[in-house]
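Open the model in your viewer and get ready to select residues.

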Amino acid sequence: MNAPNIAPIPFLDLKSQQARIGPALRARLDAVLAHGQYILGPEVAELEARLAAFCGAAHCVTVSSGTDALQIALMAEGIGVGDAVFLPAFTYTATAEVPLLLGATPVFVDVDPRTFQLDLGNLRQRIADVKKAGRLRPRAIIGVDLFGQPADWPGLQAIAAAENLFTLDDCAQSFGAMLGGKRLGSAADATATSFFPSKPLGAYGDGGALFTESPARAALYRSLRTHGEGTTRYEVERIGMNGRLDTMQAAVLLAKLDVFEAEIAQREAIAAIYDAELADVLETPARVPDSSSAWAVYAVLLPNAAARETAQAALKAAGIASAVYYPRPLHRQPAYAACHDGASLPVSETLGDRIMALPIHPDLTHAQVRRVTQTLHAALAG
Ligand SMILES: *Cc1c(COP(=O)(O)O)cnc(C)c1O
């Protein structure tokens with residue numbers, strides 16, 4: 001039964017954020033309405049400079065979505081038919097869809113059972129599998145910083161260097177996270193992020209960005225996002241796409257970037273309460289060493305599917321939202337069945353039954369967080 005007189009706790013609360021930053025947001029949007037440059041207006045260049053400075057990357061190129069950021073990064077490397085792109089089986093579909101759209105083959109890799117990040121031992125095995133089968137050419141690794149924590153980038157870079165592979169960081173959930181004292185954005189050859197409204201730094205529509213240390217790559221990304229244009233507007237140097245971030249979204253993101261660091265700190269404080277108050281009744285998320293998370297998702301593990309059902313039912317009865325990312329690994333999805341080589345990926349295959357995500361956003365009050373933890377205690381203790 002819904003507890004009377006107590007407001008439900010939603011998974012996300014973009015309305016409270018909007019109320020908090022409303023005047024700055026409206027001033028930014030009014031400026032765009034006044035100058036009218038809706039495509040590649042001055043806010044786009046301003047945002048690119050600010051995002052690059054924020055994460056310490058040499059170059060930032062904004063694009064129309066996180067998915068398009070991944071696609072442009074692979075197009076720039078000429079990845080296509082006959083190429084193997086290694087990526088986790090336990091991620092959002094966009095990571096794997098992009099290589100397939102370009103004619104390349106996603107090769108699914110298992111993840112670590114505690115941090116949910118790419119398993120380096122399994123990655124080495126999968127690269128060896130592909131070389132032994134001899135049908136595909138190993139070309140790239142897409143490492144996903146799942147739920148906001150960084151993948152093991154030093155480890156991934158070492159494997160990529162030994163195998164001569166391009167590395168792409170799918171940072172869609174983790175922009176703002178740190179590894180080795182530095183924000184993500186230059187841990188791989190290229191970094192792609194998303195500004196989908198529910199991501200830690202979200203626009204009011206679709207958006208994304210690419211980061212790289214390479215001026216040549218940055219120039220290619222700019223060309224590819226505008227139909228492969230050359231040095232002048234109607235010179236077509238290559239096949240590209242319509243992949244620009246629009247000026248209105250850049251304006252929204254500039255207003256949100258002003259409060260982003262404080263919002264990450266608020267998410268971190270919520271994660272700390274969850275950790276402290278839930279560790280005795282379920283498995284709280286293991287931390288990647290020497291890192292901090294952007295906390296896109298706070299995911300816990302229950303012992304089995306029945307325990308998760310109990311937990312989700314209790315939360316729902318108390319008006320508290322929860323979610324399951326991801327119920328099924330990609331290699332078990334109908335769309336990817338034909339491209340999977342049949343390897344078993346046991347961690348990815350069982351996480352979906354046990355995992356559960358709890359509300360975490362900057363406008364969640366600590367009293368609300370305690371309602372979540374008390375509800376779970378009552379349902380799971382004893
Ligand atoms: C959200 C997400 C994407 C796609 O970003 P869009 O902006 O929605 O296209 C890609 N990879 C991961 C891991 C994501 O979570």
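Begin at the largest cavity, whose lining draws at least three residues from each of domain 1 (17-257) and domain 2 (259-380). The domain bounds come from an automatic or database domain assignment. A cavity is a set of points on a 1 Å grid over the protein atoms alone where a 1.4 Å probe fits but cannot get out, and lining residues have an atom within 4 Å of a point. This is a predicted model: local features need pLDDT of at least 70, side-chain atom pairs count only at pLDDT 80 or more, and totals for chains, interfaces and linings use all residues. Residues are numbered from 1 along each chain as its sequence is written, and side-chain values use heavy atoms, leaving out hydrogens and water.

Select Leu12, Leu14, Gln17, Arg267 and Pro362. Of the 15 lining residues, these are the closest to the centre of the largest cavity. Now colour helix H1 (14-35) and H8, the elements that each give two or more residues to this lining. H8 gives the most, with 3 residues. Helices are DSSP runs of H or I, at least four residues long; strands are runs of E, at least two. The space here is about 100 Å³, a volume being the space filled by probe spheres set on the points, which are joined across faces, edges and corners.

Next, select Phe147, Gln149, Pro285, Trp295 and Val297. They are the closest to the centre of the second largest cavity, which 13 residues line. Its volume is about 70 Å³.

Now for the open spaces. A pocket is an open set of points with protein on both sides within 12 Å along at least five of seven lines. Which residues lie nearest the centre of the largest pocket? Select Tyr92, Gln173, Phe196, Ser198 and Lys199, from a lining of 29. Helix H3 (66-76), helix H4 (93-101) and strand S8 (190-194) each supply at least two lining residues. The largest pocket holds about 570 Å³ of space.

Finish in the largest nonpolar core. Such a core is a set of buried Ala, Val, Leu, Ile, Met, Phe, Trp, Tyr and Cys residues joined through side-chain atoms within 4.5 Å; buried means under 20% relative accessible area with a 1.4 Å probe, protein chains only. This core has 45 residues, and Leu51, Phe86, Ile141 and Phe175 have the most contacts inside it. Zoom in on Phe86. Leaving aside neighbours within four places in sequence, its contacts (heavy atoms within 4.5 Å) include Val107, Leu123 and Ile141. A second, separate core of 31 residues includes Leu70, Ala76, Ala140 and Met241.

Note on methods
Buried means under 20% relative accessible area, exposed over 50%, partly exposed in between (1.4 Å probe, protein chains only).
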